[in-house]
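Me: I have a structure open and would like to talk it through slowly. Could you help me read it, one piece at a time?

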Amino acid sequence: MFVFGNEYKRSDIHAEYGGQRQGGISTPARHDFVMLFTGEQGRRYGYLDDWTEEGLFLFTGEGQHGDMSFVRGNAAIRDHAANRKDLHLFEYVRRGYVRYVGQMVCTGFREPRRADIDGNSRRVIIFELMPVNAFDETVLSGEKISDDEMWGQPIVSLREGAVAYSTTARTPAERIAFVRYRTNAIRVYALRRANGVCEGCGEDAPFKTSSGRPYLEPHHIWRSSDAGPDHPKWVISLCPNCHRRAHYARDRATFNRRLAHIVSEKEKKS
Ligand SMILES: [Zn+2]
Ligand SMILES: [Zn+2]
C-alpha cells in the first residue's frame, strides 16, 4: 500500500484514504490503520521526535495546551493493537510532502513534563514506537530455543500471557521485551490451540519440523502484516495453502471472515 522510502504528497494520501489532513495523528474512519506524521509538530512545539539507541522512535502525542490525555489520536496509538489498527509512520521532507518510514508497533509510552507553547509546564505523552520488522522473526513458525518454555507451559497461562499488559515494565527496554514476549506467546498459543491441524481447512499439518512439532503458520486475521502483537481471538494457525489464500486469493475477504468465525467459536470454549 505505502512503499518504504517513497515520497507522497500528504493531500493525495487523504484524498485516497480520508483522515484528518492536519496534525500529527490521522485516523481514517473506514480503514484499519492510523497514520502518524512526524516533523511538523516538532517545529510547532519545539519537540523533536527521534530515534533512540534501542531502535525506538519517540513520537510526541497530540494536544496543544494543558496535560495531554489518552483521547482521540493519542488513544488510537496506545490501543492500536487491541483495535486491530496498523500504525503507519511518515516524516515530513518538505512542506506538504512526506516520506513513508514504515509500519510501527507501539510498545509503550512515557509522560514527562515539558513546557507548552506559552511556556507553561504540562505533562506530554511520548509514544515509544518500534518498526514492525523488529518482530518479523515471529511471522512464520521458525522455531527458537526460547519457545520450548512456552510449549511446556499450561496453555491457559500462555493465553493469559498473550493478553496481559505489563504493569511492571519500567524502562523502554523492558517494555520492548514484554511486547516481544506477548507476540511470541500469542503465536505459540495459536499453534498449540490448533493441535497439529490447520484451523482453516481441518487437514493435518503438512509436515513436522526438526523439533518434531507440526508445521503451521500463525496468521493475523484482517491484518496485512503478520508481525507484531495481536489478540488470540485474531490469530489463527494455518497450513501454507490456507495461509496464502488468506493473503492473496480473490475471495480472501470472505475467507478471512470464515477464519474469524472459526477462531471465535474455538475461543468461546477456552
Ligand atoms: Zn489449511
Ligand atoms: Zn498471514
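Me: Is Thr 60 buried or exposed, and why?
Reply: Thr 60 is buried, because 21 other C-beta atoms lie within 10 Å. A residue is called buried if 20 or more other C-beta atoms lie within 10 Å of its own, exposed if 12 or fewer, and partly exposed in between, with the C-beta atoms placed from the backbone. Please keep in mind that this is a predicted model, in which local features need pLDDT of at least 70 and side-chain atom pairs count only at pLDDT 80 or more, while totals for chains, interfaces and linings use all residues. Residues are numbered from 1 along each chain as its sequence is written, and chains are lettered from A and ligands numbered from 1 in the order in which they are written.

Me: Which strand is Thr 60 in?
Reply: Thr 60 belongs to strand β5, where strands (E, at least two residues) and helices (H or I, at least four) are DSSP runs numbered from the N terminus.

Me: OK, how many helices and strands does the chain have?
Reply: The protein chain has eight helices and 12 strands, and buried residues make up 35% of its 270 residues.

Me: Where is the largest nonpolar core, and what supplies it?
Reply: The largest nonpolar core has 30 residues, and those with the most contacts inside it are Val 34, Leu 36, Leu 87, Met 104, Val 105 and Leu 129. At least two residues of this core come from each of β3 (33-38), β5 (57-60), α3 (72-78), β6 (86-94), β7 (97-110), β10 (126-131) and α6 (172-194). Apart from it lies another core, of 23 residues, among them Leu 191, Ala 194, Ile 236 and Leu 259. A nonpolar core here is a set of buried Ala, Val, Leu, Ile, Met, Phe, Trp, Tyr and Cys residues joined through C-beta atoms within 7 Å.

Me: What does Val 34 touch?
Reply: Leaving out residues up to four places away in sequence, Val 34 touches Ile 25, Thr 27, Ala 76, Ile 77, His 80, Lys 85 and Leu 87. Two residues are in contact if their C-beta atoms, placed from the backbone, lie within 7 Å.

Me: Which strands does β7 pair with, and how do they run?
Reply: Seven bridges join β6 to β7, and these two run antiparallel; Leu 89 has Gly 102 in β7 as its bridge partner. Six bridges join β7 to β10, again antiparallel, and there Met 104 is partnered by Pro 131 in β10. Strand β1 (residues 7-9) is joined to β7 by three bridges, also antiparallel, with Lys 9 standing opposite Tyr 97. Two strands are said to pair if DSSP finds at least two bridges between them.

Me: And what is between β6 and β7?
Reply: β6 and β7 form a hairpin with two residues between them, and Gly 96 in the turn has a positive phi of about 85 degrees.

Me: Which residues other than glycine have a positive phi?
Reply: Among them are Arg 72, with phi near 40 degrees, and Arg 84, with phi near 60 degrees. Arg 72 is found in helix α3, whereas Arg 84 lies in the loop between α3 and β6. Arg 72 counts as partly exposed because it has 15 C-beta neighbours inside 10 Å, and Arg 84 is partly exposed too, with 17 other C-beta atoms within 10 Å. Most residues other than glycine have a negative phi.

Me: Changing topic, which way do the residues of β11 point?
Reply: In strand β11 (residues 217-220), Glu 217 and His 219 point one way and Pro 218 and His 220 the other way, and all are buried. Four bridges join β11 to strand β12 (residues 235-238), and the two run antiparallel. His 220 stands opposite Val 235, and Pro 218 has Ser 237 as its bridge partner.

Me: Last one: which residues of α7 are buried?
Reply: In helix α7 (residues 240-248), Cys 242, His 243, Arg 245 and Ala 246 are buried. Seen down the axis of α7, its buried residues fall within an arc of 160 degrees, so they line one face of the helix; the arc is that of the directions from the helix axis to the C-beta atoms. What covers these buried residues includes β11, β12 and α8 (252-269).
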